[in-house]
Amino acid sequence: MDSKIVYCSDEKYRRELESLQNSVREKLNQPFSNDDFEKAESSLKEAQSFFARAVTSTALPECRKYSGATVIVLENSLAMLNKTYFKKSSKRIYEELSEMKKRPSDLTNLIEAVISANEIEDIKSSLCTLMEKCTATFDEAKKSLECEKQKAADVLPGAYEEMFSNWRNKMHLAASTGNRHLAYTSLVNFTGMAEELYGMTDIALYNGMQAYNPDDLNETAQKFDSLLDSFLEEYKKAGIKPKRYPDIDAFANDYLA
């Protein structure tokens, strides 16, 4: 982007390069958007993948390798979050990171803690702190974006019914059989759907994991029923009536109509 061309065999190549540079500058000068955030978040997910390899490593060299990859990709992710690119050499990367507005306040110290550690557990601990704070930075950036919400009446129809049919009976089956895995994964999936709906329209955020008690699955099932009842209130606010069927034949007939 900022290099000075000292030789060009044909001016058409210079024009092509300048056209690409101008295109990039135009994009960089546009306001930070949801699309920009999604691209930066994609890079963050790559860093999280390396992070997982680092914290599950049992050998020091391997842990250092994946920790280093985590650091490098995190730095690139933050550059994308700030809608910029590194203009100076890698020798001065701390200088450029410190100039970014969206970053952990102690970013360079967090990185130094990772790359200065001598013991594998110290590397993992420092890396966890770095990842935690960088992820928090992304969460704050996401909150600051103005996302146009859809009307609940347009988004929610069918959601309660899907939640009920997908997970309600599973939760009570898990309680009666002591199946923690069934209860746990059902709540994870419920929470994922609830978070997706929360991002689309103005409703409360329902976290199913708050209901989970591995020592009392009956209590867990009851709390899940309470979550469903609470979600049903969103239907009432939006003027939506839940669909209920006396038997499976009635449901099939309505579904196929």
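These legends accompany close-up views of a predicted model.

**View 1. A tilted pair of phenylalanine rings, Phe37 and Phe138.**
Welcome to one of the aromatic pairs in this model, which number 11 in total. The ring centres of Phe37 and Phe138 are 6.0 Å apart and the planes meet at 55°, so this pair counts as tilted. Phe37 belongs to helix α2 (residues 34–55) and Phe138 to helix α6 (residues 120–144), so the pair ties together parts that are 101 residues apart in sequence. Phe37 and Phe138 are both buried.

**View 2. Helices α8 and α10 packed together.**
Here helix α8 (residues 159–177) packs with helix α10 (residues 217–238); their axes are 9 Å apart and the angle is about 170°. Angles over 145 degrees count as roughly antiparallel, and α8 and α10 are therefore roughly antiparallel to each other. The α8 side of the contact includes Tyr160, Phe164, Trp167 and Met171, while the α10 side includes Leu217, Phe224, Leu228 and Tyr235. Sorted by class, this contact has 15 nonpolar, 3 polar and 3 charged residues.

**View 3. An aromatic cluster of Tyr160, Phe164, Tyr206, Phe231 and Tyr235.**
Stay with the previous helices for a moment: Tyr160 and Phe164 in α8, and Phe231 and Tyr235 in α10, are among the residues that meet there. These four residues and Tyr206 form one aromatic cluster.

**View 4. Lysines over aromatic rings, at Phe32 and at Tyr198.**
Look for the charged end of Lys102, which sits over the Phe32 ring at 3.7 Å from its centre. Lys149 likewise places its charged end over the ring of Tyr198, 5.1 Å from the ring centre.

Terms used
Residues are numbered from 1 along each chain as its sequence is written. This is a predicted model: local features need pLDDT of at least 70, side-chain atom pairs count only at pLDDT 80 or more; totals for chains, interfaces and linings use all residues. Side-chain values use heavy atoms; hydrogens and water are left out. Rings of Phe, Tyr and Trp (its six-membered ring) pair if their centres lie within 6.5 Å; planes under 30 degrees apart count as stacked, over 60 as edge-to-face and the rest as tilted. Helices (H or I, at least four residues) and strands (E, at least two) are DSSP runs, numbered from the N terminus. Buried means under 20% relative accessible area, exposed over 50%, partly exposed in between (1.4 Å probe, protein chains only). A charge sits over a ring if NZ of Lys or CZ of Arg is within 6 Å of the ring centre and within 35 degrees of the ring normal. Axes are lines fitted to C-alpha atoms, for helices over the stretch in contact, and angles run from 0 to 180 degrees between N-to-C directions. Angles under 35 degrees count as roughly parallel, over 145 as roughly antiparallel, 65 to 115 as roughly perpendicular and the rest as oblique. Contact means heavy atoms within 4.5 Å. Ala, Val, Leu, Ile, Met, Phe, Trp, Tyr, Cys and Pro count as nonpolar, Asp, Glu, Lys and Arg as charged, and the others, Gly among them, as polar.
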